[in-house]
Amino acid sequence: METESNFHYKYWKTISCDNVNTSKELKEGIKQCIHSENVKRENFQCLEIDQSQINYLNSDFYSGIKHLKKLKILNSSIESLPPLLFEKFKTLCELHFENNIIGDIHKKAFFSLVNLKDLSIVQCNVKLPEGALDELVSLENLNLRGNGLESVAPNLLANLASLKTLNLSDNDIRCVPQNVFDQLSALRTLRLDKNNIQALTEGCLAGLCSLEELFLCQNSIESIAVGVFSELVELKVLSLNGNNLASLPDSFSTLSNLTSLNLANNQIATLPTNLLTAASKIEHINLQNNALMRLPPELLRGAGALKTLNLSNNSIKQIPEAFLSNTANLQVLNLECNKIEYILSECFENLSSLSELHLGKNSIMKIFPNAFKTLSALHCLNLEDNMIMGLDKSAFLGLRRLRVLNVKGNKISTLQVDIFKDLGMLTDLHLNENDIRILEMGVFNGLENLCKLHVYKNKIGTISAGTFRNLTKVVSLFLGKNSLRILRKGTFSGMTNLNYLTIEHNDIEDFQNGCFTGLPNLEILCLSHNSIMELSQNLFMELNNLRYLYLKNTRLACLRCGVFLGLNHLLQLHLVHNEICTIEPGAFEGLHGLQFLSLYQNKIGELEGDIFAGLEVLNYLELGSNEIAQITPETFQAVPKLKNLRLSGNRLNLASDTFANCPSLQHLDLSDNNISSLPPQVFEPLQNLNVLHLSRNCLDVLTSDSFANIPALKYLYLQNCNIQLIESGAFHDLDSLVDLYLDGNKISSMQEDCFVSLDQLSSLHLENNCLNELHLEIFESLNGLKYLSLEGNELPTEILHEIMLKYSDQMPEPYCC
């Protein structure tokens, strides 16, 4: 079946078209588009042809379009580019062929294009014949990326004296011939990256006296001839990353205008001392991921303009004395992932402009006094994942502009008082994953602008009173995974802006009254994974703005009356996986704004009639995996806005009036309850119910009363319920049902009117039952049915095949909430 061609006018003066397979279609389509869009000639400057079978590039091709300035052919199959194809295109400036299959290019195909500036033949897997570019005297940009070229023909570029950019990347070029670029004196950018070049030989870059950018990355270069860069007097950017270089010659010594040198991802083990002798303008050096073990002390002697230096992922053990003494303009220094063991006092002298220093993932054991004292502009200091056991009191002196300090993953056991006193601008402090055992008062002195404090995963057993008193701007405090057993009164006094507090994964048994005093802006509190057995009265009395409270995986057994008083604005309460067996009346008193309550996986056996009193706006209640056997209608009388009720994994016995007070309920989960029968009209009060889960119960028979009067139900899950019989009219009232899951039961037969009235049903799952015969007429009334699954039954192959042909739509995603 042929696809119709489409023509569209774009506001950037372009007519684009696709699936244009004849010259007639092209010309008529352009005329019609111009007429329908009222396009003036001066506003039609570019033609884009996409996804077409093109065998109409001939002497008549120019008709009606010879005034074009741009022509693009994309993702198409082109029979050939014949001689003098573009002879009439006197104004054409740009010509692009991208991702095409081109049968043949005649060596005179581009003749007469004397005004062409840009030519792209990208990912077309073609080889240009010798002389094909000879008449493109005005060409400035040539892109031959991704054509599988194995070499550059000696005379291919000979007449391109105006060329400024040449892209030969992503080919299979193995060597660059001598003098191949010697006529390109105007060239500014040369891309030879992503080829298979193995060596830079003498003369391969001759003639490139104006070249400013040279990209040779991701090749297989193992050697560089001496003097190979000698004519590149204007070169600013040199990229040799991702090659196989093990050593470097003195070839860089003539690059006096070089500003960026990338030698990352090689195998360089040593650097010549005079590598950068002439590079007084160098600003960026990248030597990451090499095999460097030592640094020549004089390497950067003339690099006064250097701004970034990346030496990460090497095997450097020591920073030589005075190595950085002439780099006063250095802004970013990355020494991560080396083998540095000590930071000496003189190591970073004179780096008055340094803003980032990365020393993470080394083997640093000691930082000598005043090692960072002269780094007055430093904003970020990263010392993570080293072997630092202690910090001298003067370790961070002088770092008055520091914003981020990261010493995570070391072996620090103590923090001295006033150790951070000079860090008045610090906003983020990472002390996590150390061996800190105590936080003393005064240890955080001077940190008046701190916003985030990470001290999780230490061995903190004691927090002295007043430790956090000056941290008035901290919004996030991470104290999890420590060894706290008690939280004393006033622990967090002074943290008036704290918004997020996590103390999970400790061993806290005792939360003293007043331990959360002074936290007027706290919104999120995580107390999970502690040894809490009981919550004292008034514990949360002052947390007036708390929105989320997490109390998961504790030993909490009883919720006392008024235990959550003070939490007037709480939205979510998570009480998951505890040992709660008793909930006193009034336990949730004061939680007038609570919307979400989860008591999942506790030991609740009985729910008192007024247990949820005060939860007027609750809309989500999770009671799954408890031991609840019976629920009275009064239980839900206090939660009239409840929309989502989860009761899976209990031992429920339903009564006809169980849900009499749930008028707003939309989602009900009763799965895994061992329910053997559904009382008549049990779901009748649920006029807004959309989703009902009854999977993994023991419903042998579905009667005509099972689902009576649930007009809004859309999704019904009855998997693995041991159902053997579906009586006539069982689904009669489910006018809105969309998905019905009956898989994994023991249904052996179905009556012809079984699914009558299910006009909206789209998906029906009957797999893995005991059906051995089936009349297809049973599904004829299901006008909206798109997906029907019967796998795993003992039905005749012809019936399964017929079903597959008729109801072959993709299985819909199961509804989840």
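A: Let's start with a word you'll need: a residue is called buried when its relative accessible area is under 20%, exposed when it is over 50%, and partly exposed in between. Keep in mind that this is a predicted model.

Q: Got it. So is K408 buried or exposed?

A: K408 has a relative accessible area of 18%, so it counts as buried.

Q: How should I think about charged side chains in general?

A: Side chains of opposite charge can pair when their charged atoms come close. A pair like that is what we'll call a salt bridge here, with the nitrogen within 4 Å of the carboxyl oxygen.

Q: How many salt bridges does a search of the whole structure find?

A: The search turns up 19 of them. Take D385 and K408: they form one, and their closest N and O atoms are 3.7 Å apart. D385 sits in the loop between β24 (380–382) and β25 (404–406), while K408 sits in the loop between β25 and β26 (428–430), so this pair ties together parts that are 23 residues apart in sequence. As for cover, D385 is partly exposed, at a relative accessible area of 26%.

Q: Which other residue does K408 meet in a salt bridge?

A: That would be E433, at 3.9 Å from N to O. E433 belongs to the loop between β26 and β27 (438–439) and K408 to the loop between β25 and β26, so here the parts being tied together are 25 residues apart in sequence. E433 is partly exposed, with 29% relative accessibility.

Q: What happens when salt bridges share partners?

A: They join up into a network, and this one holds K361, E384, D385, K408 and E433.

Q: Where is the place of E777?

A: You'll find E777 in the loop between β48 (763–765) and β49 (787–789).

Conventions:
Residues numbered from 1 in each chain as written. Predicted model: local features only at pLDDT ≥ 70, side-chain atom pairs only at ≥ 80, totals over all residues. Heavy atoms only, no water. Helix = DSSP H or I, 4+ residues; strand = E, 2+ residues; numbered from the N terminus. Salt bridge = Lys/Arg side-chain N within 4 Å of Asp/Glu carboxyl O. Buried < 20%, exposed > 50% of the residue type's maximum accessible area, 1.4 Å probe, protein only.
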